[in-house]
Amino acid sequence: MNISNWKTRLQVGALAALVVTAVGCPPPEDDEDAGGGDAGVQHDAAGTDAAGNDAAGSDAGGACLPQYQYTNWDVTSDRLLVKACSPYIIEGRVTVGDNATLTIEPGVEVRLAANNWIAVGTSTAGKLVAIGTASDPIVFTSSESQPSAGSWVGLVLGAQTLATTALDHVVVRYGGEAYYTGSNKGCVSINAANAGRISIDHSTFDTCAQAGVAATDEGFAFSSFAGNTFEDCPVGMYLNAQAVGSVAADQTYISTPRNQIEGDEVVQSATWVAQTVPWHVLGRIAVKDSVEAPVLTIEAGSTLQFDADNWLSVGDGAAGGLVLDGDAAAPVVLESAAVQPVAGSWVGLVFGSDTLNGSRVSHSQIRHGGQAYYSGSHHGCISINSSVSGRIAIDHTTLESCALSGVAAIDSGFAFNAFATNTFVHCPAGMWLNATAVGSVAGNQVYTDTARNRIEGDWVEQSATWVAQPVPWNVDGRIEVRNDTNLPVLTINGGSTLQFAADHWLSVGAAAGGLVIAGDAAHPVVLQSSEAAATPGSWVGVVFEDGTLAGSRIDHAVVRHAGQAYYSGSHFGCVSINTPNPGRIAIADSTFEDCAQAGVGALETGFAFAEFTANTFDSDPVGIRINATAIGSIAAGQTYQT
């Protein structure tokens, strides 16, 4: 045997088993020289430099050639790890910088000890290209004989990671060691705000201590993230809100119960596709940007879970839009992350005044919201803090176990683009709306263990129709139909019930306005007190003023317990008419019950009814109190009881 060849083979075998230890290395973000090994080690093998970095080449012969065996893991020029030299057992820390690329062949296994990592682009620019195959993946794992989650730190991709860094058909196991606080949260930790530089596809993250993949810096997004598997991890992905939009739907979760979102602003339009596990939101998500005007779309089957004091806000302080795009079989779910949630466990979904037109909540389930985090703004599982009409639609959505109401929109002037086929379950109130918004609500809502809606007293300044709901509206304030320019007419359809608190009323025509109460024999409109034990005079009543429009009409209504003398001289009955203008108001087939002064009062000289027929007065001190002129407009056939 040739002696020199025999010695060469001994050298190759020894180098293949060599373990390189890095001593006293600081975290990769903290030290530009972090790395390990002896930078002064020389190699006799062709194709290596004085620092131990390999020259370009490939393992064409299948042997572990010396140029692919390394004693220094401070990678400052392009380097290749080859299958023939696998496994690479590294007792130190690997850093890739100085514009170098670390390329790893399919089938390579890299093992690292506790407190160690592979860091790319953490202090100077670097790239990692680890592209395996389905049959021959690349494996990064612990060098311990009996590893467990967190046996080593993992892969760390820093702010200077170069574009086209790629992991494909890679397995990362037992990473996530919390070696230093705050930066390493996954088997792969991405500490960068640069979007579009890193792709991770068809890879497996197994038995990670914290998350499979973590990327929480504001503004980061993947160039590609598809077909990955998370197994035996407490969290699959831990991402900032902007990064979620760069994740595909085809991830697989095995014994991995959730993903996490770091609360952040969504400043560019994005679509969040459904995952088979929920997203736990750690913080507040705000969709807004004055320049980009982003729209966040959350697709069918997605679930987001929020902690106390947190919310999803849209268009609050800058332009932003939201589309919750569920379907009947796969709703979008927004709920509390609490193990045993109750009404008000989180704030809810909040739309601000800069919400974009086209925002929509469809086929969704929103539950346990309505936490009153700061005074006056949050009133529902969905709270709309805007006076701009026609921008938001809510349909086929369930609002459940909400603290104050299912949907709240109490700012003056707001109205929905559409509001139909929603369900309210176990809420103190289904809707809590300003008076204008009520006219944009359809009649096909469903109420389960939800006894009422609420109206915030307001001016009705445009014509509207209020359709019947199967539960009453409690009126918190005064409703006034009036506007000299728009000449509004409020129509209240049969089957509607409005319940008023003390000192409140429904008034018409303080400026020009009209009222049509359009009940029928089977479905009267009921106007009454909201008090549980109401008595005559518990609220003011219906009041017509000088600006009442011709054609105003009360037909098949029941008005009871009104006639409160709120201010002197103007209110005389359950219905009080304070105008001398004749022929503008008709009252027919209606009942006035338990009124404090009179059923109907009209004392202004010159007033007369357009019609007054077939009305009933029940338990009133006086049925009709009118001026002499009006007597001639009253038909025979009124009914008086008790």
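Q: Where is Thr450 found?
A: In this predicted model, Thr450 is found in the loop between β41 and β42.

Q: Why is Thr450 called buried?
A: The word is used for a relative accessible area under 20%. Thr450 has a relative accessible area of 5% and is therefore buried.

Q: What makes Cys427 a contact of Thr450, and which other residues does Thr450 touch?
A: A contact requires heavy atoms within 4.5 Å. Leaving out residues up to four places away in sequence, Thr450 touches Phe424, Val425, His426, Cys427, Ala429, Gly430 and Val471. Thr450 and Cys427 are 23 residues apart along the chain, and their C-alpha atoms are separated by 5.2 Å.

Q: Why is Asp449 called exposed?
A: Exposed means over 50% relative accessible area. Asp449 stands at 56% relative accessibility and therefore counts as exposed.

Q: Why is Ser619 called partly exposed?
A: The term covers values between the buried limit of 20% and the exposed limit of 50%. Because its relative accessibility is 29%, Ser619 counts as partly exposed. Ser619 lies in the loop between β60 (616–618) and β61 (624–626), and has a positive phi of about 60° although it is not a glycine.

Q: How do you know whether Val441 is buried or exposed?
A: The relative accessible area of Val441 is 5%. Since buried means under 20%, Val441 is buried. Val441 lies in the loop between α3 (435–438) and β41.

Q: Which residues are in contact with Val441, leaving aside its neighbours within four places in sequence?
A: They are Phe416, Phe419, Met431, Leu433, Val467 and Gln469. As a further distance, Val441 and Trp466 are 25 residues apart in sequence and 7.5 Å apart in space, C-alpha to C-alpha.

Q: What share of the protein chain is buried?
A: Buried residues make up 55% of the 642 residues. The chain has 4 helices and 62 strands. Among contacts between residues at least 6 apart in sequence, 69% join residues at least 24 apart.

Q: What makes β18 and β20 a pair of strands?
A: Pairing requires at least two bridges between two strands. Strand β18 (residues 229–231) is joined to β20 by 3 bridges, so the two strands pair, and they run parallel. Glu231 stands opposite Ile254 in β20.

Q: Why are β3 and β20 called edge strands?
A: They belong to an open sheet of 7 strands in the order β3-β6-β9-β12-β15-β18-β20, with parallel pairing. The edge strands are β3 (88–90) and β20 (252–254), each of which pairs on one side only. Neighbouring strands of this sheet are turned by 10° against each other on average, direction ignored.

Q: What is the order of the strands in the open sheet of 6 strands?
A: The order is β23-β26-β29-β32-β35-β38, and the pairing is parallel. Its edge strands are β23 (270–272) and β38 (418–420), each pairing on one side only.

Q: How many residues line the largest pocket, and which lie nearest its centre?
A: The lining has 14 residues, of which Ser389, Gly413, Thr436, Glu461 and Gln462 lie nearest the centre. The lining divides into 4 nonpolar, 9 polar and 1 charged. About 220 Å³ of space lies in this pocket.

Methods: Residues are numbered from 1 along each chain as its sequence is written. This is a predicted model: local features need pLDDT of at least 70, side-chain atom pairs count only at pLDDT 80 or more; totals for chains, interfaces and linings use all residues. Side-chain values use heavy atoms; hydrogens and water are left out. On a 1 Å grid over the protein atoms alone, a cavity is a set of points where a 1.4 Å probe fits but cannot get out, and a pocket is an open set with protein on both sides within 12 Å along at least five of seven lines; lining residues have an atom within 4 Å of a point. Grid points are joined across faces, edges and corners, and a volume is the space filled by probe spheres set on the points. Ala, Val, Leu, Ile, Met, Phe, Trp, Tyr, Cys and Pro count as nonpolar, Asp, Glu, Lys and Arg as charged, and the others, Gly among them, as polar. Axes are lines fitted to C-alpha atoms, for helices over the stretch in contact, and angles run from 0 to 180 degrees between N-to-C directions. Buried means under 20% relative accessible area, exposed over 50%, partly exposed in between (1.4 Å probe, protein chains only).
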